[in-house]
Amino acid sequence: MRIRIVDAFTDRPFAGNPAGVLLLDAFPADGWMQDVALEVNHAETAFAHPLPEGGDADWALRWFTPVTEVALCGHATLATAHVLYTTGAHRGPVRFATRSGVLTAAPGADGAVTLDFPTAPLTPVAFPEGAAEALGAEPVAVQDTGPSLGDLVVELADERAVHALAPDHKALGAYSPRGIIATARAEDPDRGYDYVSRCFFPNVGIDEDPVTGSAHTALAPYWSQRLGRSDLTGLQASNRPGRVRTRLRGDRTLLTGHAVTVIDGELLTPLPG
């Protein structure tokens, strides 16, 4: 079967967040998909298959990190939509049936893809004792994203503080179910982005995620409230940086970005059973 590696939230190869994408006829055993995700060894590998016409969704979609299945993933959804569009497997808006409900993706005239995801709820909380030492910085404010994401959004003093982070990943895993989203206002909005972030998810086997679509369902409402605008652009400042355009629509957040297929190959291992 065909397997593709797609760089998401970027318009050039070797940037953004790479994801494996497999289009199947049906989902095979979970263990086989987990083995493939470990072999691919990117933050997520997406598995999708078409659904019968006339239902609430067009394709079923699941995502696996190298160590576990996750309930929501933005960049691998963008990568899957990109593969559907570039191969002609689907045209126009596509509805994905996922563990987080029906998620939609729509192609844009400029080649970008816009995802429609649920907005994460934000609740102000105190930073747990010891978390600042694990992160390596004192927060300005901390928000809990609730069980849908399982992250803490941690605002730091400035953009330079986010760039300078060198956290203790093992220790950081003790303070939230998935991880920590560190963020700050852009130092110079004329550079084309409004806020900066970095995402650390040791509890799902990802010390630092390059560009995290799901994190922007929390960053969008946070910075939209702070900056007074519903349309923003976030820069995720990993060593493979990428930009996510966000539009807040109440309980839904639109995430827009480009994607590039960098590897198109054949998976030789047969499906089980």
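Which residues form a nonpolar patch on the surface? In this predicted model, the patch consists of Phe14, Val262 and Ile263, and together they have about 310 Å² of accessible area. The structure also holds 14 salt bridges, and some of them are described below.

**Nonpolar patch**
- Ile263 belongs to strand E18, which covers residues 259–266.
- With a relative accessible area of 47%, Ile263 is partly exposed.

**Salt bridges of Arg62**
- Arg62 and Asp30 form a salt bridge through their side chains, at 3.0 Å from N to O.
- Arg62 is in strand E4 (residues 59–64) and Asp30 in helix H1 (residues 30–40), so this pair ties together parts 32 residues apart in sequence.
- The relative accessibility of Arg62 is 16%, so Arg62 counts as buried because the cut-off for that class is under 20%.
- Asp30, at 40% relative accessibility, counts as partly exposed.
- A salt bridge also joins Arg62 to Glu69, with 2.8 Å between the closest N and O atoms.
- Both Arg62 and Glu69 are buried.

**Salt bridge between Arg252 and Asp116**
- The side chains of Arg252 and Asp116 meet in a salt bridge of 2.7 Å, N to O.
- This pair links distant parts of the chain, 136 residues apart: Arg252 lies in strand E17 (residues 252–257) and Asp116 in strand E8 (residues 113–118).
- Arg252 counts as partly exposed at 26% relative accessibility, and Asp116 counts as partly exposed at 22%.

**Network**

How values were computed. Residues numbered from 1 in each chain as written. Predicted model: local features only at pLDDT ≥ 70, side-chain atom pairs only at ≥ 80, totals over all residues. Heavy atoms only, no water. Patch = residues over 30% accessible without salt bridge, like charges linked within 9 Å, V, L, I, M, F, W, Y side chains within 5 Å. Areas by Shrake-Rupley, 256 points an atom, 1.4 Å probe, with all protein chains shown as cover. Salt bridge = Lys/Arg side-chain N within 4 Å of Asp/Glu carboxyl O. Helix = DSSP H or I, 4+ residues; strand = E, 2+ residues; numbered from the N terminus. Buried < 20%, exposed > 50% of the residue type's maximum accessible area, 1.4 Å probe, protein only.
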